[in-house]
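Please read it with the coordinates open.

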Amino acid sequence: MTGAAGLAAGFAAAALQSCSYLVSARYVRESRRPAWTLLPPAFALMGLGAIALLPATWPAGGAAAVPWRPALAAAGLSTLFCLAANAAMFLLLRRVDSSRASPLLAAKVPMLAAFYSFGLGRPCTAAQWCGVALVVAAAALLAGAGRRISRSGWGWLLATCAGYCVADWYIVRTFEAVAPAFPGFAGRSLFSLALIYLVTGAASLALLPFVPRFPAAEWRRHALPYAALWFLAMVALYGCFAACGLVLGNIVQSTRGLVSVGLGWLVARTGRTDLEERVGAGVVARRVLAALLLVAAVALYAAGGA
C-alpha cells in the first residue's frame, strides 16, 4: 500500500467509525436493553471477520515463528480494555450526541501526556503540551455547543478515553510481540489486527449466553451493521498504520470528529432528532471549529514527539 493509499484508508476509517457511532447511538436510544448488550453479539461477528483475515496475514515462517504467549497476552488485554471502552462509549452516547462525543474522544491526548510524563517518566515537549492545551480549549468550546453535557456524560467520556488509551497501549505491545515473525510493519500490523479481533470474538462468543436473547431482527438492525462498520474501520485503520505509521495514522483518524459533525448535521436535517439535536448554524460552526482544534492538537502532539 502506497502512502496516498494509506491516507485514503485512514480517512475511510474515520468515516466508518463515525457511522458506527451513529448505529450504536441508535441502539442505545431505541432499545430498552443495557447499553453493553450490543457488544457480545457485534464483536462475536467481528471474530468471523478475523478468521477470514487471518490466513491472508499468516507469517511466512508459519506458526512456529510467532511468540504466541506474549502476543496472546497483549491481545487479550487489548480486548479487555477495548470492550470496556466501547461499553463506556455506549453509555456516553445515551447522554451526548455522536457529533459531540466523537470529537471529544481526542481527550485521550492529555491522558496520554499525563501517563507518559508522570507514569513512565517521559516528559512531554513544549509542542506536546501546546497540543494538550488545544484539546482543553476545544473541549470547552464543545461543552457549550448544544445541550449541556451532564457530569455523568463527562465521566463516561473520561472512562471511554482511558479505556481506549490502555487498549492502544496493548495494541502496540501486540505489534512488538509478533515482530520476530514479521520483518515488515505492514504484516505485523494486519496480523495483530486479526489476532486481537480473533481473541475479542472468542471472548464475546463466551459472553453471549449471559446477554438477553437477540431476535433475528435485532441482529440485522443493530449487531450486523455495527460489527461491519467497526471491523471495516479497523481494517482500514490498520492498513493506514501499515502504510503511514502509527503517528500519522492517529492524526488522520482524528478527522472522525469532523466527519461526525457533518453526519450529525445531516441526521438532524432528516428529522432524526432522537439521534441528533437540531441546532443552528452558529452551533454547527462552533462544533466544526472545535473539531478542527482537536485535529490540530493531535497533529501538534504527534509532531512534538517525532
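The points below go from the whole chain to single residues.

1. Basis. This is a predicted model, in which local features need pLDDT of at least 70 and side-chain atom pairs count only at pLDDT 80 or more, while totals for chains, interfaces and linings use all residues. Residues are numbered from 1 along each chain as its sequence is written, and side-chain values use heavy atoms, with hydrogens and water left out.

2. Fold content. The protein chain has twelve helices and zero strands. Helices here are DSSP runs of H or I with at least four residues, strands are runs of E with at least two, and numbering starts at the N terminus. In sequence order the pattern reads α-α-α-α-α-α-α-α-α-α-α-α. The radius of gyration is 19 Å, close to the 19 Å from the globule rule for 306 residues, so the chain is as compact as a globular protein of that length. That radius is taken over C-alpha atoms, and the rule is 2.2 Å times the number of residues to the power 0.38.

3. Extent and contacts. Along the principal axes, the C-alpha atoms fill a box of roughly 60 × 55 × 35 Å. Of the contacts between residues at least 6 apart in sequence, 86% join residues at least 24 apart. Contact means heavy atoms within 4.5 Å.

4. Surface and burial. Buried residues make up 49% of the 306. Buried means under 20% relative accessible area, exposed over 50%, and partly exposed in between (1.4 Å probe, protein chains only).

5. Main core. Which residues have the most contacts inside the largest nonpolar core? They are Met46, Tyr197, Tyr226 and Trp230, in a core of 64 residues. H1, H2, H3, H4, H7, H8 and H9 each give two or more residues to this core. The largest share, 13 residues, comes from H9. A nonpolar core is a set of buried Ala, Val, Leu, Ile, Met, Phe, Trp, Tyr and Cys residues joined through side-chain atoms within 4.5 Å.

6. Leaving aside neighbours within four places in sequence, Tyr226 is in contact with residues including Ser20, Leu38, Met46, Asn86 and Phe90.

7. Leu83. This residue is found in helix H3. Leu83 is buried, at 15% relative accessible area. Beyond four places in sequence, Leu83 is in contact with Leu39, Phe43, Thr200 and Ser204. From Leu83 to Ala15, C-alpha to C-alpha, is 21 Å.

8. Asp97. Is this residue buried or exposed? Asp97 counts as buried, because its relative accessibility is 3%. Asp97 lies in the loop between H3 and H4.

9. Met111. Helix H5 (residues 108-119) holds Met111. At 23% relative accessibility, Met111 counts as partly exposed. Leaving aside neighbours within four places in sequence, Met111 is in contact with Leu158, Cys161, Ala162 and Cys165.

10. Ala303. Helix H12 (residues 281-304) contains Ala303. Ala303 counts as exposed, at 52% relative accessibility. Its C-alpha atom is separated by 9.8 Å from that of Ile251, 52 residues away along the chain.
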